[in-house]
Amino acid sequence: MRIDVLTIFPEMFEPLLGASMIGRARSLKVLETQVHDLRDWTHDFHRTVDDAPYGGGPGMVMMVEPLVRAIEAIQALDERRAHTIFFTPAGVPFTQARAGELAADFSRLLLVCGHYEGIDERAYLWADEEISIGDYVLTGGELPAHVLIDAVTRLLPGVLGDETSALDESFMKGLLEYPQYTRPAQFRGMMVPEVLLSGHHANIDAWRAEQALERTRRRRPDLLDEGGRVDTEQPGRRSS
């Protein structure tokens with residue numbers, strides 16, 4: 001997969017892109033990343049990317065002209081068309097299910113990081129998708145882009161090493177992940193559940209399924225329907 005990022009703060013990305021699973025994916029040639037400075041597509045001395053909003057109001061708005069020039073130029077850098085994502089509070093909530101779809105369905109993504117009070121509405125005509133990572137306000141789209149890159153990259157083939165490890169994680173089956181333990185078996189009087197020491201894999205699987213459902217009931221009941229089952233109608237989740 002190739003991921004292009006369009007931002008006015010390119011320096012925010014290299015520390016992330018060279019570390020952990022993303023760095024591993026790049027070294028394995030599973031992931032290619034290119035970060036582009038939006039100011040490279042401006043034509044004035046001050047490299048201006050924002051202006052005051054029509055109709056008045058506080059703050060500044062990102063201008064449509066440099067954004068569109070940049071998107072079109074970046075699209076032309078590779079024969080594969082990039083699925084273009086804008087980050088905005090008005091976007092569809094990002095989920096693990098959507099991360100899996102992006103990893104499986106696209107070979108190239110273009111992430112557009114907004115800033116200031118927002119983006120000129122006309123620029124959204126160049127977006128294939130609008131995503132929000134939560135109901136809170138951030139300074140810009142750089143942190144959401146970090147989140148999406150990390151979530152998608154770890155689902156690419158070969159990145160995690162053990163291809164089954166991602167399947168047991170929170171939200172992969174619509175539930176929170178079951179509790180995990182490692183050595184020592186006893187710590188300050190706290191024991192690892194006996195079933196995990198039994199070596200009986202069927203019993204362990206049943207215990208983990210029960211714990212995942214119970215943990216979800218207690219901590220994230222919004223993920224379940226009225227009958228206490230996984231809610232397949234949640235945004236970003238498809239029923240099987």
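The exercises below, each with a worked solution, concern the predicted model shown above.

**Exercise 1. Find which residues and elements build the largest nonpolar core, and then follow the contacts of Ile 149.**

Solution. Begin with the membership: the largest nonpolar core holds 25 residues, and those that touch the most other members are Ile 3, Leu 111, Leu 148 and Ile 149. Next, ask which elements supply this core; at least two residues each come from β1 (2-7), α2 (20-27), β5 (83-93), α4 (96-105), β6 (108-112) and α5 (142-153). Among these contributors, α5 gives the most, with 5 residues. Then take Ile 149 and set aside its neighbours within four places in sequence; the contacts that remain are with Ile 3, Val 5, Phe 13, Leu 17, Ile 22 and Leu 111. Finally, note that another core lies apart from this one, with 20 residues that include Ile 8, Ala 70, Leu 110 and Tyr 124.

**Exercise 2. Decide how far α5 is covered, and compare its span with the expected one.**

Solution. For the span, α5 has 12 residues and reaches 16 Å from its first C-alpha to its last, which is close to the 16 Å expected at 1.5 Å a residue. For the cover, 9 of the 12 residues of α5 are buried, and the helix is therefore mostly covered, given that buried means under 20% relative accessible area. The buried residues of α5 include Glu 142, Pro 144 and His 146 as well as Leu 148 and Ile 149.

**Exercise 3. Locate Pro 66, decide whether it is buried or exposed, and describe what surrounds it.**

Solution. Pro 66 has its place in helix α3 (residues 64-75). Its relative accessibility is 2%, and because the cut-off for buried is under 20%, Pro 66 counts as buried. Beyond its neighbours within four places in sequence, Pro 66 is in contact with Leu 38, Trp 41, Thr 42, Thr 48 and Val 49. Widening the view to the helix, the buried residues of α3 are Val 64, Pro 66, Leu 67, Val 68, Ala 70, Ile 71, Ile 74 and Gln 75, and what covers them includes β1, β2 (32-37), β4 (61-62), β5 and β6.

**Exercise 4. Identify the residues of the nonpolar surface patch and classify Leu 138.**

Solution. The patch consists of Met 12, Tyr 136, Leu 138 and Leu 143, which together have about 340 Å² of accessible area. Of these, Leu 138 is found in the loop between β7 (129-132) and α5. With a relative accessible area of 34%, Leu 138 falls between the 20% and 50% cut-offs and is therefore partly exposed.

Notes: Residues numbered from 1 in each chain as written. Predicted model: local features only at pLDDT ≥ 70, side-chain atom pairs only at ≥ 80, totals over all residues. Heavy atoms only, no water. Core = buried A, V, L, I, M, F, W, Y, C linked by side-chain atoms within 4.5 Å. Buried < 20%, exposed > 50% of the residue type's maximum accessible area, 1.4 Å probe, protein only. Helix = DSSP H or I, 4+ residues; strand = E, 2+ residues; numbered from the N terminus. Contact = heavy atoms within 4.5 Å. Patch = residues over 30% accessible without salt bridge, like charges linked within 9 Å, V, L, I, M, F, W, Y side chains within 5 Å. Areas by Shrake-Rupley, 256 points an atom, 1.4 Å probe, with all protein chains shown as cover. Salt bridge = Lys/Arg side-chain N within 4 Å of Asp/Glu carboxyl O. Expected span 1.5 Å × (residues − 1).
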